Amino acid sequence: MDRITAARVFVSIAERGSMIAAADALDMSRAMVTRYLAEMEAWAGARLLHRSTRRLSLTDAGDLTLARCRRMLDLADDMAVSAGVDADTPHGLLRITCSQALAQAELLGAVSTFLTRYPRTSVDLQMSNRAVNLIEERIDLALRVTNTLEPNLIARQLGVCESVVCAAPSYLAAHGTPQLPQDLAGHNCLTYTYFGKSLWQFTDADGASLSVPVSGNLSANEDFIVLKATEQGGGIALQPLYSAGPLIREGKLVALLPGYTPLSMGIYGIYTSRQHMSLALRAMLDLLLTWFASGQQSEHWRGLS
């Protein structure tokens, strides 16, 4: 059997903690995953995993083999597939992480375009709102929407995330429509754990800044959850335009507080090294820069706020 594939299967099992999850991620049958794991253990000459009904864990030999497999896969991903491949052509696997909402609204389309443009590349897309350790989790690119980057991070700003205060027509019919940001104090404001959980910031038509304390009965660490609760009439939310925009156009949500612009945030691509950036990562960053500039920042989006 192919030892490179066997190594990739073993790494996937170790990272996901499950043979079933590895099979799903690799689009491979569970029986084939089992065969590749057996091949790896035969190759290593040792048992690599402790198996129980609840979870898998690495043996001491498994820890050592995992590190070696990762180094081997890094070399394999950086190696041209044949002597005739243009060394300047992006190739290899990119591991990318971002929030579910950003992935659904923007990144899936960008990734599809990228894979069509660069057929020798592949992408492993992982949904997460937490700030992952790129080196420990072997992530090539993390996309974050924030205004507070840690100073030691290597980051490239790819776009600007504009937001909108919005609510469902059913909520407004029952509780009234706020006319000023200060009116939000009398409303149930649904908040996102990592941004604006207790304070929403605005700029008025004259350019003056104001901050408004908010509170409500629901906060979540996934903005997609807050969006669904808002759509169902749960309260008022501050949402990215890339998430709320389609629902506003369909009449399922109403944009509030015209004349007051919520604080915008940067969309950043975060990676581990400028000196050793792969061609695939560089190409992805360039594509995303164009993608966000031509899509989210258009007048089409701005007109919703």
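Tutor: Ground rules: the model is predicted, local features need pLDDT of at least 70, side-chain atom pairs count only at pLDDT 80 or more, and totals for chains, interfaces and linings use all residues. Residues are numbered from 1 along each chain as its sequence is written, and side-chain values use heavy atoms, with hydrogens and water left out.

Student: Where do the bounds of domain 1 and domain 2 fall, and how do you know?

Tutor: Domain 1 is 3-78 and domain 2 is 92-158 + 266-294; such bounds come from an automatic or database domain assignment.

Student: What makes residues of domain 1 and domain 2 count as in contact, and how many are there?

Tutor: Contact means heavy atoms within 4.5 Å, and seven residues of domain 1 are in contact with seven of domain 2.

Student: Why is the Asp124 and Arg16 pair called a salt bridge?

Tutor: The rule wants a side-chain nitrogen of Lys or Arg within 4 Å of a carboxyl oxygen of Asp or Glu. Asp124 and Arg16 sit at 3.3 Å, N to O, so the pair qualifies.

Student: What does "buried" refer to in the area between domain 1 and domain 2?

Tutor: Buried area is the accessible area (1.4 Å probe) that two parts lose on being put together, summed over both. Here that's about 560 Å², with carbon and sulfur atoms giving 31%.
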